[in-house]
Structure formats: structure tokens, C-alpha cells
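Look at the model first, then read on.

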Amino acid sequence: MTLTASLPDADPTALRRFLQGLPGVDEVGAVGRAASLATRSIKTSSKSYAIDLAIRMVDLTTLEGMDTPGKVRALCAKALRPDPTDPSTPSVAAVCVYGDLVDIARAAVGDACHVAAVATAFPSGRASLAVKLQDTADAVAAGADEIDMVIDRGAFLSGDYARVYDEIVAIKEACGSAHLKVILETGELRTLDNVRRASWLAMLAGADFIKTSTGKVSPAATPPVTLVMLEAVRDFQTATGRTVGVKAAGGIRTTKEAVAYLVLVNETVGEQWLTPDLFRFGASSLLNDLLLQRQRMRTGHYSGPDYVTID
Amino acid sequence: MTFEYAPAPESRSIVDIADAYGLFIDGQFVDPADGRTFPTVNPATEEILSTVAEAGQQDVDRAVRAARRAYEQVWGPMSGRDRGKYLYRIARLLQERSRELAVLETLDNGKPIREARDVDLPLVAAHFFYHAGWADKLEHAGFGPAPRPLGVAAQVIPWNFPLLMLAWKVAPALACGNTVVLKPAETTPLTALAFADICRQADLPPGIVNILTGAGDTGRMLVEHPDVDKVAFTGSTAVGQQIMRGLAGTSKRLSLELGGKAANIVFDDAPVDEAVEGIVNGIFFNQGHVCCAGSRLLLQESVADEVLTSLQRRLSTLRLGDPLDKNTDIGAINSAAQLERIHELADSGDAEGATRWTAPCPLPDRGYWFPPTVFTGVTQAHRIAREEIFGPVLSVLTFRTPDEAVEKANNTPYGLSAGIWTEKGSRILWMAQRMRAGVVWANTFNRFDPTSPFGGYKESGFGREGGIQGLGPYLDSDVVDHEATVRIGFGVTEVAR
């Protein structure tokens, strides 16, 4: 691929030229492709496989002003044992909380699951770099092994790509061994061209994962946005050899939607990405729908919402 | 463990195929006068689906007589509003029965159910709805103050989109007040016969729509029948030329929609991922059995390798197999004869020095199949760059400048469609003005809509189907004289472009 030779360093002009020189995204075409993949019919054994895989990919999330230690402990219990009636149900990938609740979450889950913290003045990202770095360092010190940072959308939209880049590099350093997920907040970037550029920018700066949304802005994750991000990680791997994950977060509530995302992953980047190490769902209510469908596949009938736990 | 999609077949039980079908003449199914029949086959399994009648001269006479009487006594004198009422009713019935018709189309044609369900059937209904709206507004369509129908239309359609081609022919003819005798292709008669049933269900008076099944001879008898006023044909250029010769010296009006060898042109500033989708949709949609298929891919040399790599990766994900499976992308080739023609032309590509790449799809044991195939290193001199293959075979050529792209794209006896892929709007307009093709798609391909006229330049035929322009070939008016179908078709389309 021609991109390898021309990957930019941190030089602002080179970076800008590179990002603006990426192939455009035709929105009508991308939306059409995502819609056509959503018509795949996933039944029986492949549905069972997809449901378990989706459960293992969930970052079970609570990001509310009203979060308390009690709420977080309940969430952690659910993360480890999503369906108490069926011990064969896999655990989720991670719990995702605000930084000040990381210690509670870590104590609750031990080493049995990842603890992800949102950091860097989530969700708006409107704070100084020093504050963002401190936010990150605190979360890592409290036991977070995954950091979900937000990019500075204001800087991105004003064309100051270097500022966004430098910030990601600095946060990545503050993460130490913790995995860094970079939230693009695609609902504020608006165009798919921007989504492609922001994806490359985050990956060049060292992101381990690129993530669609905070969940606080509508629209959050959509299939076309996720498609463009998957194409970006695929092309980035071809260009650099480095493999980056994708997290679709916000607005995914049903099993049907989740399975459609797995189809999107399967047919865009292939099976390599069909693992919790490289694809995640950021969600809260999705898990219970997955569990209801899982019970249905097992028993042959639908139970009701009282047969899954609310946490 | 890998993410295998379990089989997800659409249920076949929704269709009820009779053991044998007669001819639909004057509102009834009747046996052919000389009792001849032929089988129709599911090309995915080679199973015989049913036996249909082969119409002979007597049957053609009978059908044209019925159409003439219906034209003179019922449909011609009927008000546009009442004609529209019947057309709306037919459109609604097509929608209501769309699942059944999609399954039937897939069984008889071999196309994937996903396409029959999501493309063919919605367009079929849309065509009837659109033309139903025109039925009482013809005096405002720009064909003079009182355009009149022509009379009896003889219509012969191909096997690639059986019901959709029927809709393209029957809907405008009926909306304009003509009656029709239609002959579906011999390999795909079943949905046309189901449409006959829908006409009865809609209480359409007898004789307005007549369906004659048969092969080439039946078609020839029909178009050459002296009491036919209008002939509309969609099919191969060779047959179109025969029809035109046969009609020379008569007063019959003619519109032809024939073959194509469309160029799909990708510039170096194209949206690559979407262009790859467009290339796939351009040539592998409906197994490439599409007259406007983007069968010649013209790549700007500076991005040729990159696009080809992406294309091959994408083609490796195509799912070929049981057309009734909802996850199938590539279905069966419609007939043994067509499969043989595809093999013959593809082999000529090898012989003439092009490089063949085949998508890694296993082929089923029974039925007629051809894997998605890409030839690189093709030049304008190769047969696979000049002749219509009508199968899932893409010929890749390269160009250096926009002028060269125009020159190569137009350098074909055909002129049905073209595709342009670039993020630069001014270049799209510059190219579209220079394409000698009836339809030019920009950053998309194989998109159809009943409001948009469709038809060809040069050996791709003349006359337009769809849009206001598509009414012209079925109307007699102050501005349309007996030879003017061609001029109207071209003139209006060029203005619209």
C-alpha cells in the first residue's frame, strides 16, 4: 500500500496533508453497504455463537452523575456472572466506570475482568492537558487497566490535528501498561470523512482501540460510522502491521443490532477482529437483551424481563 | 471457532407451482392449439418446476384478436382515471404477494432471494404505482393536448429480470391505454403467469393483458403479426436487429433495449471503499445478467493496484450458493446455454493473453454455476472487452487521463450505461456530458427508479423506459409521428442529462 512510505511524523503540516489526503468516503455508498450487511440472516447455531461472542465483548457501563459504590458493585457482580440461572454464560469483557469509582470496581472484580475508566474530562474533554493527565494517572493508579479517553473535538474541527495528536501521545504515555481507547465522538464529527481522518489520527498517535462515542451525544454508534472505522483499522494494519481494536459504544440495545455489528466486523475486517481483544460493545441495556435471547435459544421460549437481573 | 452463517433458506412453501400452465388469453388460461409444451427448470438444481405451453401461430392470432377487441371496446375508451384505478389495484396486489413472487422468481431464474426480495419486487410494484399515477394525466405529460394510445402492443422480454421487465413493459403500455400481448423468456415464464393470475384477481377486464409462453419462434410470430401496432423488445442485440429488419416497411412502432458493455470508470480521487462496492454491484449483481452491467472496469493507472487488491479481498467474501438462502450473494447462471456462452468467452480471455482471477467460492455439484471472475491485463482489442458476456466476468483496463477514459469508454458499439467514480463534482459533469450512454451513474451503479428514463445509444437500442420519456413510445400524439420514437427518446433524455 502506498501509505506506508508516506506515514507522517508529528510535523503538523505533514500530518494535516496526510489526513486530508486519505481517500474520501462516499456517504450514500457507506450507508448502503452497512444497510445491505444488516440484511444477513443469522440463525440457529450461528446466532448462539454470535450471542456468546457479543456477551464476551461487552464493556458493561455505568457513567451517571448518580453512580455510587453500591451501584458499581452490583454492576461488577453482573459483569462476572451475567446470568445467575445459567453458569455457562460467559463473563463480559470489562466494566466501564468513572475514574473515582475504579478502586471500588477493581476490588469487586479482582483479576476476573478488565476495569475501564473514562478519563480526560469525559465526556466533553474541555479541560487543560494537565488535568486530563492527572485524571488518567489517578484512574491507572486506582487499578484501571483500560482508559477510555476523549479527543479534543474542538481542536479537530478547527484543523489543529497536531494538538489532538500530541494529546493522545501524552495520555498514552500516562497510561503506562493500561490499554488506551480513543473516543472520537463521531456524533460531533458529523461527516464520514472526518471519522476516517480522526481514526487514522488516533491510530498514528498510538491508540490501542478507537471508539465511536461517549454515549452522551446523539447519534452515538451507527453501522456506517463503525464500518468506516473498521476499514480504517484494516488499512492501518496493512500499512503499518499494527492491529488496532474498535469499540462501538452507545445506542446499541438489542441482540439483533449487536449481531448486525458482528456481521459488519466479519465481512469488513474478518475473523481476526472477532475477539474481545479487538472488538467491544460499550453498552448497559444490551446485555440483558443478549441474555434474554440466550435463554430463548437454550429453552426454546421467551421468558420475561423479570428473568434477567437489573443492576 | 469461526463465524459461520448457518443456512437460512426462505421457505418455498409460500409458492404453489402448478404441474402445467396454459396460455393466458382473453382473461383465461387455455391450452395451446397444437398442444406443444416445454419444461421450465430451476437452474440452481436442474429440477423441472413445471411444464408450460408453447404458443403457435393460431394462439398468437387468438391473443392479438383478444387484445384488439379489448382495446377497441374496453380499455381504449375507458377514462384515464379508471385505468389508473386498475393499475393501482395491480400494484397493491404485487406488493401483497411480493414474498411469494420473490420466491417464485428465485426458483425459476436462479437469482439470490436477497435481490429478488430487496430489488426486483419493490421496483416492480413501484413501476405500477408510478404509471398508475400517469394514467389520468397524459395530456399534461408534454405529448400534445390529447395524446392517444397506439393500440395493441407486442412485448417480448428477457430472462434476467423476468417480472421487472414485465413491469417496465406492461405498466406504461396500460397506463397509456394500450392492450398487450407479452411473451416472457422461455427459461423464466413462471412469474409472468403469476402476473396473469394477479390481473384476474384485480378484475382487469379480459383481453387487456395476454401472456403467451414460448421460445424465439413464438416471439417472431408475435412481433410480425400484422394487427400489432407497437413492438417493444428487451434482449440481445442480434435478435433486436432481426426484429427491426422484420418490421421494416410496416407502420409498427418499435422500441428496443438491447445489450451493453458499460464502462465503470474509477479515478484516482475516488472514494475507494465505496467504489469497490460499486464495482461489485456493477458486475456481480444478478450474476452479471444485467444489460447495463459495468462489465468493463476502467481504472486510472495510479490507483489500479490498490483498487484491484481491495476488489479481490472484497470478492473473497462473496457467498455463492443456494439462491433461496437469505445470505447468498451470487446465485445460479440462468441456463446451461448461457453458462456455455460465459465459459466460451472467458476461455477466449485466457487464449488472448489476459490474466484470470477467480474468487475462491466452492461451486455446488448440481445446477449451473460460474464463480465471480476478474480478468486483468485486458485491452480494447480483446473479445472480453468488446462482446457482452452477460455473466459474472469483469474485464479490467487502465487509463491515464480523463480524455483517455472517455475515449475508451465510448469505444464500443454499445451505449447503455456508464459509471464514474470521483470525489470531484466538476469531473463528474465533464465526464457525463461526454459519455455516449443512456444512463450515467456517478459514485453509484445499477440504481433504478421508475421516474428515471432508461435506454440506450447505438447498438444498445432506442426508446426510453421509465419517467415521462418512457410514455412516449406508447403514445400517438401531435408531437410524436410514426418514426419519431427514436428522436423523442434521445432528444428528451439528452436535455434531461
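A salt bridge is a side-chain nitrogen of Lys or Arg within 4 Å of a carboxyl oxygen of Asp or Glu. In this predicted model, R114(B) forms one with D329(B). Their closest N and O atoms are 2.9 Å apart, which means that the pair falls within the 4 Å limit.

**The two domains**
- Chain B is divided into domain 1, residues 20-258, and domain 2, residues 263-442.
- The centres of domain 1 of chain B and domain 2 of chain B, taken over C-alpha atoms, are separated by 30 Å.
- Domain 1 of chain B brings 26 residues to the contact, and domain 2 of chain B brings 26 residues.

**Buried area**
- About 2200 Å² is buried between domain 1 of chain B and domain 2 of chain B.
- Carbon and sulfur atoms give 56% of that area.
- P43(B), E46(B) and W159(B) supply 23% of the area that domain 1 of chain B buries against domain 2 of chain B.

**Polar links**
- One salt bridge is found across the interface of domain 1 of chain B and domain 2 of chain B.
- Between these domains of chain B, 12 residue pairs are in polar contact, with both residues at pLDDT 80 or more.

**The domain 1 side**
- Helices α3 (98-109) and α4 (113-134) of chain B each supply at least two residues of the side of domain 1 that touches domain 2.
- By class, that side of domain 1 of chain B has 11 nonpolar, eight polar and seven charged residues.

Key:
Residues are numbered from 1 along each chain as its sequence is written. Chains are lettered from A and ligands numbered from 1 in the order in which they are written. This is a predicted model: local features need pLDDT of at least 70, side-chain atom pairs count only at pLDDT 80 or more; totals for chains, interfaces and linings use all residues. Side-chain values use heavy atoms; hydrogens and water are left out. Domain bounds come from an automatic or database domain assignment. Contact means heavy atoms within 4.5 Å. Buried area is the accessible area (1.4 Å probe) that two parts lose on being put together, summed over both. A polar contact is a pair of N or O atoms within 3.5 Å; within protein, one must be able to donate a hydrogen and the other to accept it, and residues adjacent in sequence count only if both atoms are side-chain atoms. Helices (H or I, at least four residues) and strands (E, at least two) are DSSP runs, numbered from the N terminus. Ala, Val, Leu, Ile, Met, Phe, Trp, Tyr, Cys and Pro count as nonpolar, Asp, Glu, Lys and Arg as charged, and the others, Gly among them, as polar.
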